[in-house]
Amino acid sequence: MSTVWQKKNLNRAELKTDIAAILDASKACGWLGEKSAPVLLKPNLVVSKPAAGGATTHPEIAAALIEYLSDKGYTDIRIAEGSWVGDSTQKAYKTCGYTDLQKRYGTELIDLQKDGAVPVEIMGEQYKICRSIADLKNNGGSLINLPVLKGHGQTRVTCALKNLKGCIPNSEKRRYHTLGVHQPVALLNTVIKPAFALVDGLNGDPYWEEGGSPEKRDLLLLGRDPVSIDSYACMLLGVEPSDIKYIRIAGELGIGNNIGIETDVINLDGTSSAKKMKPAGSAEAEKIIDWIEQITDQRSACSACFGNLATALRSFHNSDRKAAEAIAEKSICIGQDFRGSEITSSLIGVGKCVKGGFEIKGCPPSERTILEALESLFAK
């Protein structure tokens with residue numbers, strides 16, 4: 001049976017104490033390698049936005065973990081991340097407070113966007129992972145996954161399993177979307193196996209990977225089984241785990257307990273297990289999600305491109321609903337599968353992959369670029 005440790009009702013001023021408690025209770029250090037071997041912390045810094053917005057891992061969690069491991073005798077602790085295509089990892093490190101951690105603790109910050117690539121074969125297919133991740137295993141080191149409990153505009157949920165997508169080169173991230181995202185994300189977890197995941201559930205955005213609508217939860221999750229963790233994360237977000245394809249595939253591949261049906265949730269504060277919950281204002285958010293899906297013809301779109309489009313569409317919808325209603329069903333085209341063809345003049349093309357129609361250029365086009373283009377197109 002898989003176990004997920006849960007600490008709720010966190011006090012930010014006592015976060016270090018709470019993290020130490022959950023690590024001690026689970027005996028997490030027993031899952032790591034030798035104390036002289038490298039330990040890599042993998043946060044979610046998908047975009048260069050502060051954690052308060054619900055998209056990125058709070059630096060206080062990484063800081064508490066660094067101090068805890070140092071106190072336990074671990075001498076080589078590093079942080080590694082590769083932001084999504086279209087953003088800069090270096091900018092994310094600075095904006096999200098991780099450059100300050102480097103100054104405070106002397107912790108090396110590895111930019112996986114600038115890292116080398118190592119080929120790996122998974123079930124007869126060729127993939128690539130970042131060299132620093134591959135070298136970690138060869139050096140007897142350990143990876144600690146620090147995902148955010150949050151929603152996602154394309155896959156509906158992202159947590160432990162999908163956070164490893166930051167461990168692959170940018171070119172591979174684009175290719176994952178041509179392959180449908182779900183299958184390669186699941187397969188990636190057969191070759192990259194973190195020692196454990198410590199999930200930031202402080203205030204993740206329940207709908208969007210890039211944040212903007214954070215929900216206060218004051219929650220930490222810890223476990224070794226990413227399928228169970230993600231299944232439980234789904235239930236916290238009010239989503240049926242079996243509806244998320246990459247979680248279902250990961251379970252079928254034996255990466256963890258299938259759909260979390262055998263997960264034992266242990267509360268460290270004596271409270272009952274969290275139940276499914278829908279965030280405040282969820283009806284309006286779900287309405288916008290349905291509207292974006294209705295008007296968008298998405299074909300293998302990269303996360304950054306679609307994420308910027310979704311954010312711009314939310315702003316457009318909220319600022320001018322009459323104009324938003326003028327966008328016809330499936331009139332916005334986005335994604336790599338549009339390469340080599342040209343859309344009709346009546347359609348809107350987003351990103352450099354889409355030619356013809358009303359073109360909104362960029363790779364990816366920024367939220368502002370898309371919003372300004374929509375406003376000019378539907379100006380009163």
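Me: How are helices and strands defined and numbered here?
Reply: Both are DSSP runs: helices are H or I with at least four residues, and strands are E with at least two. Their numbering starts from the N terminus.

Me: In which helix is the place of Asp18?
Reply: The model is predicted, so local features need pLDDT of at least 70 and side-chain atom pairs count only at pLDDT 80 or more, while totals for chains, interfaces and linings use all residues. Residues are numbered from 1 along each chain as its sequence is written, and side-chain values use heavy atoms, leaving out hydrogens and water. Asp18 lies in helix 1, residues 15-26.

Me: Is Asp18 buried or exposed?
Reply: Buried means under 20% relative accessible area, exposed over 50%, and partly exposed in between, with a 1.4 Å probe and protein chains only. Asp18 has 7% relative accessibility and therefore counts as buried.

Me: Which residues does Asp18 touch, not counting those up to four places away in sequence?
Reply: Contact means heavy atoms within 4.5 Å. With that sequence exclusion, the residues touched by Asp18 are Lys7, Leu10 and Asn11.

Me: What is the strand order of the open sheet of eight strands?
Reply: Two strands pair if DSSP finds at least two bridges between them. The pairing in this open sheet is mixed, and the order is 4-3-2-7-10-11-1-12.

Me: Which residue stands opposite Asp200 in strand 11?
Reply: Strand 10 (residues 196-201) and strand 11 (residues 219-223) run antiparallel and are joined by five bridges. Opposite Asp200 stands Leu220.
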